[in-house]
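The following paragraphs guide a reader through the structure shown here, moving from the helices to the aromatic rings.

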Amino acid sequence: MMNQHIPPSAETSGRIPLDERFAQALQYAWQLHRHQMRKMGQTPFFAHLMAVAGLVLDYGGSQEEAIAALLHDAVEDQGGLERLGEIRQRFGDTVAAIIEGCTDSFQQPKPPWRERKERFLARLAEAGDSVRLVCAADKIHNLRSLIRAYRVHGEAVWSAFRGGREGTLWYYRAVLERLQQGPSMPIVQEFAELVDQLEKLVSA
């Protein structure tokens, strides 16, 4: 059974409640991604962004980290460096820096899949805790979706992934290894458990 991780509550962590800036980021993220759908299940992509932000907050993240979670795909999918500049202007340097650290490509068309993933992994190994937090939250939600889809569709799910079966498994394990190189974080332990769960599921 997966271990339960109990993040600190707002009352015990001393965090400031979310304010109007978070509401603005929520609206901005919806405007950017409202026409996108997820590659598995064809659910609105915006649902993924809300889930990632929720995980960041559940694990004690700040408002800036939660805003970055809402916008973590905006640069990669919706405008590149020009979009990053707009985010910096709207939400500040801290949010922009986290998003930059979570982005694996700033250009369109994107470089080949393996090339950009290896470059991202190299940067992730040196990333600060805020980037590690948002990255782990993103990968946790992606893995939950992948595991759920695999249980329904089996090996057919890999057709939705550019890296295919082997590339996808390699990538999640590699991300985990980079995240584990930094200071211990409870969210990384949950991510590790999901990586193990997926590997056992596909090898059964």
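Just after helix H3, Gly60 adopts a positive phi of about 85 degrees. The model that shows this is a predicted one. H3 itself has 14 residues and reaches 20 Å from its first C-alpha to its last, close to the 20 Å expected at 1.5 Å a residue.

Which residues of H3 are buried? They are Phe45, Phe46, His48, Leu49, Val52, Ala53, Leu55 and Val56. The buried residues of H3 pack against H2, H4, helix H5 (74–77) and H9.

Helix H4 spans residues 63–70 and is mostly covered, with seven of its eight residues buried. Those buried in H4 are Gln63, Glu65, Ala66, Ile67, Ala68, Ala69 and Leu70. Against which helices do the buried residues of H4 pack? The helices concerned are H2 (20–33), H3 (45–58), H6 (80–91), H7 (93–102) and H9 (129–153).

Attention now turns to the aromatic side chains. A pair of aromatic rings is described by the distance of the centres and the angle of the planes. The structure holds eight aromatic pairs. Among them is the pair of Trp158 and Phe161, which is tilted, with 6.0 Å centre to centre and 55 degrees between the planes. Trp158 is buried because its relative accessible area of 6% falls under the 20% cut-off. Phe161, with a relative accessible area of 12%, is likewise buried.

A further aromatic pair is formed by Tyr172 and Phe191; this one is edge-to-face, at 6.5 Å centre to centre and with 70 degrees between the planes. The pair links distant parts of the chain: Tyr172 belongs to helix H10 (residues 164–180) and Phe191 to helix H11 (residues 186–203), 19 residues apart. Are Tyr172 and Phe191 buried or exposed? Both are buried. Tyr172 and Phe191 also belong to a cluster, in which ring pairs link them with Trp113, Trp170 and Tyr171.

Arg114 lies over the face of Trp170, at 3.6 Å from the ring centre.

Notes. Residues numbered from 1 in each chain as written. Predicted model: local features only at pLDDT ≥ 70, side-chain atom pairs only at ≥ 80, totals over all residues. Heavy atoms only, no water. Buried < 20%, exposed > 50% of the residue type's maximum accessible area, 1.4 Å probe, protein only. Helix = DSSP H or I, 4+ residues; strand = E, 2+ residues; numbered from the N terminus. Contact = heavy atoms within 4.5 Å. Phe/Tyr/Trp six-rings, centres within 6.5 Å; stacked < 30°, edge-to-face > 60°. Lys NZ or Arg CZ within 6 Å of the ring centre and 35° of its normal. Expected span 1.5 Å × (residues − 1).
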